[in-house]
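Reader: Hello! Could you take me on a close look at the ligand site in this structure?

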Amino acid sequence: MSSKPPHRMLHLAEIDSTNADAMRRAGSGECGPLWIVAERQTHGRGRSGRNWQSLPGNLHASLLFVPGAAVSTLHQLSLLAGVAVHDALGDVLIPPAPALRLKWPNDCLIGAEKIGGVLVETTTWAGTMVAVIGIGINCAHAPEIDGRRATALIQHGCLASPREVLHRLALHMDRRLCNWQAGAGFAQLRDDWLARGGPVGERLAINAGTERIEGFFAGLDRQGALLLHDDHGALRRLTYGDVTILETRLSGADRP
Ligand code: BTN
């Protein structure tokens, strides 16, 4: 793997949101690949319309590019970015690495606390689909958002700067996107996600907008949807939702 970041990078001191900025640029014909990085966001965006607190010392970055993939595969970019975040944090954390893991679709946690989040947005310009993958990583600060527990690299003895983390992240994102092959390589990515996610049998609650479902994690299907054995005995396939981990039923030996 080359150590030179593979794509153009635009560093900004302050912006409303790197995702919003990338979407504006996409609307003016920018096709990337381009990383937009800001020291501070005044209106950082999180999933499900939430705010993302963006303090200097944390990483706020968005990759704008043309995925060249069918619309039906674009949700896989969320899983891909989560795996790349996990890999980048694995590179910078000091061994013995703390319990770094993914929570579907793309939250990166240490133990039960969130260290990074991903927000994927898409738009179309002149008939071309453009994707923006926004990534926030808590390097120096751990803002609690909506009562959700958070942590930061510094709390685990890691002093890596946002720039250093971005450097690792950009390399992993590039490699993962190459291997994904616009969806044709998703089977390997799915396996890599499962190796970094919680164990099959973990008890989860899913807020899927109109309903809350509780059950046991049963893996991911071939498209990347979450599979859940619900409490009524049905196997549910979920493509959207906010997941809360309730408890882990099985040991690490039962991981897929
Ligand atoms: C989540 O809710 O977990 C997703 C958070 C994504 C935050 C990042 S920070 C960089 C990029 N710009 C934004 O406005 N949001 C994403």
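Which element gives the largest share of the shell around the ligand?

Author: Happy to! The largest share comes from β6, with four residues of the shell. Strands here are DSSP runs of E with at least two residues, helices are runs of H or I with at least four residues, and both are numbered from the N terminus.

Before going further, a word on the source: this is a predicted model, where local features need pLDDT of at least 70 and side-chain atom pairs count only at pLDDT 80 or more, while totals for chains, interfaces and linings use all residues. Residues are numbered from 1 along each chain as its sequence is written, and side-chain values use heavy atoms, with hydrogens and water left out.

Now to the shell itself. The ligand is surrounded by 20 residues, where a residue counts as near if one of its heavy atoms lies within 4 Å of the molecule. Ser 17, Gln 41, Arg 45, Arg 47 and Lys 114 are the closest. At least two shell residues come from each of α1 (18-27), β3 (59-65), β6 (113-125) and β7 (128-137). Sorted by class, five of the shell residues are nonpolar, eleven are polar and four are charged. In this scheme Ala, Val, Leu, Ile, Met, Phe, Trp, Tyr, Cys and Pro are nonpolar, Asp, Glu, Lys and Arg are charged, and the others, Gly among them, are polar.

Several polar contacts (pairs of N or O atoms within 3.5 Å) can be followed atom by atom. Ser 17 places a polar side-chain atom 2.8 Å from an oxygen atom of the ligand. For Thr 18, a side-chain N or O atom is 3.0 Å from a ligand nitrogen atom. Asn 19 takes part through its backbone, with an N or O atom 3.5 Å from a nitrogen atom of the ligand. Of the 410 Å² that the ligand exposes when taken alone, the protein buries 99%; these areas come from the Shrake-Rupley method with a 1.4 Å probe.

That leaves the surroundings. The ligand sits in the largest cavity. A cavity is a set of points, on a 1 Å grid over the protein atoms alone, where a 1.4 Å probe fits but cannot get out, and a molecule sits in one if more than half of its atoms lie within 2 Å of its grid points. The protein around this site has four helices and twelve strands, and its C-alpha trace spans about 50 × 45 × 35 Å along the principal axes.

Terms used. A polar contact is a pair of N or O atoms within 3.5 Å; within protein, one must be able to donate a hydrogen and the other to accept it, and residues adjacent in sequence count only if both atoms are side-chain atoms. On a 1 Å grid over the protein atoms alone, a cavity is a set of points where a 1.4 Å probe fits but cannot get out, and a pocket is an open set with protein on both sides within 12 Å along at least five of seven lines; lining residues have an atom within 4 Å of a point.
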